[in-house]
Amino acid sequence: MSTSLRIAVLALAALLAGVAASPTSPRDQPWWHHLAAPKSIGVSTLRDVPIDSSTPMLIAKYGYQSETHTITTADGYLLTMHRIPNPGKPVIYLQHGILSSSADWVVLGPEKSLAFILYNAGYDVWMGNFRGNTYSRAHSTLSTKDKAFWDFSWHEIGMNDIPAMIDFILDSTQHDSLVYVGHSQGTTAFLVMASMRPEYNAKVKAFIAMAPIAFLGKVGSLPLKLLAKGVDEVEFIANVVGMYEFMPSSAFMSAITSRACADGSMLQAICTNALFVITGYDSEELDTEMLPEIMKNVPAGASTKQLLHYAQLINSDKFRQYDHGTFNNLITYKSFSPPNYPLDKITTKVFLHFADNDLLGTPTGVDKLRKGLTNVKMIRRVPHPTYNHMDFLYARDSRPLLYDQVMQSIAEVFQEQ
């Protein structure tokens with residue numbers, strides 16, 4: 001067996017071999033259930049998330065009202081949006097990263113979660129869910145059992161999901177524009193939209209990019225580097241065996257980080273969670289008291305193609321469209337290689353926040369992104385040496401380290417109108 005094929009098989013086993021999750025036991029409705037009555041009924045089926053840990057219930061748990069909305073994309077996906085309504089106030093749209101969901105923005109509660117902080121500051125807060133995650137597993141004609149359902153990467157998300165959610169928000173609120181805050185893949189997909197559908201720049205007052213991902217040549221994530229080494233073979237094998245949804249094996253995830261997570265460690269549960277294995281974690285800042293609640297919502301689901309697209313970027317160190325192979329590239333793009341995204345077409349104000357210990361949005365990659373953009377208003381390093389990719393959401397001290405600056409930037413943007 002060739003070296004590349006061995007790598008491909010190992011990567012496929014480690015990243016795609018699914019294990020069935022234990023069924024969630026029925027639970028009585030908590031006392032705050034009445035507060036979470038949705039304005040419109042979502043159609044996606046929740047997967048493996050206890051009802052009292054779903055985004056609407058987390059919001060209601062802390063005494064806030066919420067709304068749930070369903071949006072249909074141009075290509076037929078049914079997406080769920082959650083809102084902490086503040087009618088008439090400036091609009092903020094929060095968008096999660098890969099293997100995540102809207103729960104990321106509320107799980108730590110009113111003092112530490114950005115959605116609550118924004119609402120308490122007087123903003124109308126909307127949270128999106130990308131296709132394929134816990135809350136957006138529905139389509140107008142396709143089933144999640146269909147290969148076609150999972151035939152997307154973050155390119156299609158940027159081209160279809162974000163525009164559909166922006167249009168829905170603006171139509172619902174009667175506002176002309178909003179501020180977009182993205183984390184991880186939420187930044188990648190926004191860069192796709194703003195460069196490929198530049199008319200949407202006028203609808204976004206500012207793009208707040210937390211842990212932005214575009215140029216991955218210096219990525220430090222072991223699983224993604226492993227996947228990148230055999231990406232073509234992995235894609236072929238995944239197609240042959242029909243693994244279109246990313247369903248990581250807990251056993252392999254644990255094996256990869258066995259040295260960091262010894263038996264009895266408080267953080268041992270992270271070893272079986274694909275999100276933390278891929279992105280890394282920081283035991284100093286991670287809010288371990290909230291870890292059990294966090295783990296109820298992650299990983300939240302994704303397509304295999306999303307991971308493969310990122311793996312391709314590691315090999316090319318270019319921010320470009322999906323590589324279908326030379327022959328199919330000629331058919332799709334009329335060129336041997338996929339085209340780069342035209343970052344110079346992004347005209348909205350951009351605020352970049354990065355961390356030195358981020359294995360995905362590395363300082364080198366963020367600086368390369370900065371050089372490709374034309375309207376960067378801020379590039380800021382989070383002032384903490386071990387702050388990493390998931391700390392942007394789950395750290396104990398994100399408010400003083402990051403969110404206060406984000407809030408200041410948002411306030412200044414709205415004051416400019």
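Residues are numbered from 1 along each chain as its sequence is written. In this predicted model, local features need pLDDT of at least 70 and side-chain atom pairs count only at pLDDT 80 or more, while totals for chains, interfaces and linings use all residues; side-chain values use heavy atoms, leaving out hydrogens and water.

**Exercise 1.** Find out how much of the chain is buried.

*Solution.* Start with the cut-off: buried means under 20% relative accessible area (1.4 Å probe, protein chains only).

**Exercise 2.** Locate the largest nonpolar core and explore the surroundings of Y180.

*Solution.* A nonpolar core joins buried Ala, Val, Leu, Ile, Met, Phe, Trp, Tyr and Cys residues through side-chain atoms within 4.5 Å. The largest one has 66 residues, and Y180 is among those with the most contacts inside it. Helix α4 (residues 154-173) gives the most to this core, with 9 residues; helices here are DSSP runs (H or I, at least four residues), numbered from the N terminus. Next, look around Y180: leaving aside residues up to four places away in sequence, its contacts (heavy atoms within 4.5 Å) include Y93, F130, I162 and F207.

**Exercise 3.** Check the length of helix α15 (residues 398-415), then look for a bend.

*Solution.* The expected span is 1.5 Å times one less than the number of residues.

Terms used:
Buried < 20%, exposed > 50% of the residue type's maximum accessible area, 1.4 Å probe, protein only. Helix = DSSP H or I, 4+ residues; strand = E, 2+ residues; numbered from the N terminus. Bend = angle between axes of the 7 residues up to and from the residue.
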